[in-house]
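Please consider the model shown below.

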Amino acid sequence: MSKIARAFAGEKVFIPFITCGDPDLDTTEKCVREMVKNGAGIIELGIPFSDPTAEGPVIQAANLRALNGGVTTNKIFDMVKNLRQDVIIPLVFMTYANVVFSYGAEKFLSTCAKIGVDGIILPDLPFEEREEFLPACRKFGVDLISMIAPTSESRIAMISKEAEGFLYIVSSLGVTGTRAEIKTDLAPMIKIVRENTKIPCAIGFGISTPEQARDMAKISDGAIVGSAIIKILAQHGKNSAPYVGDFVRKMKAAMI
């Protein structure tokens, strides 16, 4: 069992997402430590990309702010080294296949292993093309986390059987972003997942309130939140850390 899968043992896991370098990497570090202090079980670190196709306008804007601020993949690697001096929970990169490919998959994933990144999510990587990165992921012990969407349908069982770390269940069609309510009937999807794997699953896309996090945690093993956190960063900038910590505390408390 991987470190990521072990994080789900015995409790529902809150997984916050943050775009690295928005507004700067010092703020990202402070926010990550506040997330840990307030109950995050796993943290998704977004590596900015110029064309983030799965993201809505909130996270797109965060990517742009970070890139305009001069953030690079190597600077993010250095930040994770600093975090690993005291942060022990699993850290997962979320980025795009081209970021890894252009850096060099072996070099990227070997660096992940060295600095203590436990998994990677590539939302633009079709399951059928995961062999592009899977051998290197396994060589260096980095979980390649798969996503299941409402459109996956007949592929849910196949993806579940091959899952590593945890399964990312996409709650809604479209891109990331907060939603007033999550209308997708996720229970049938979760049922198929449970029938085909013991790997935990967490639901993301659109979750922004404690009530939504509580409802998603009732049918899955955890909840993932990104856009609502990025909105806090957009509002408070370099002073965001305590506000992010407070948000994580409330979300985690709702899931217990």
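The model is predicted: local features need pLDDT of at least 70, side-chain atom pairs count only at pLDDT 80 or more, and totals for chains, interfaces and linings use all residues. Residues are numbered from 1 along each chain as its sequence is written, and side-chain values use heavy atoms, with hydrogens and water left out.

Two packed helices are described by the angle between their axes and the distance between the axes. Helix α2 spans residues 25–37 and helix α12 residues 241–255; their axes come within 8 Å and cross at roughly 30 degrees. Because of this angle, α2 is roughly parallel to α12 (angles under 35 degrees count as roughly parallel). In the contact (heavy atoms within 4.5 Å), α2 contributes K30, C31, E34 and M35, while α12 contributes A241, P242, V244, G245 and V248. Of these residues, six are nonpolar, one is polar and two are charged; Gly counts as polar, Ala, Val, Met, Cys and Pro are among the nonpolar types, and Glu and Lys are among the charged types.

A disulfide is a covalent bond between the sulfur atoms of two cysteines. With a disulfide taken as a pair of cysteine sulfur atoms within 2.5 Å, the structure holds zero disulfides. For C20, the nearest cysteine sulfur is that of C31, 11 Å away. C20 has 0% relative accessibility and therefore counts as buried (under 20% relative accessible area, 1.4 Å probe, protein chains only). The sulfur of C112 is too far for a bond because the closest cysteine sulfur, in C137, is 8.1 Å from it. C112 is also buried, with a relative accessible area of 0%.

Technical notes. Axes are lines fitted to C-alpha atoms, for helices over the stretch in contact, and angles run from 0 to 180 degrees between N-to-C directions. Helices (H or I, at least four residues) and strands (E, at least two) are DSSP runs, numbered from the N terminus. Angles under 35 degrees count as roughly parallel, over 145 as roughly antiparallel, 65 to 115 as roughly perpendicular and the rest as oblique. Buried means under 20% relative accessible area, exposed over 50%, partly exposed in between (1.4 Å probe, protein chains only).
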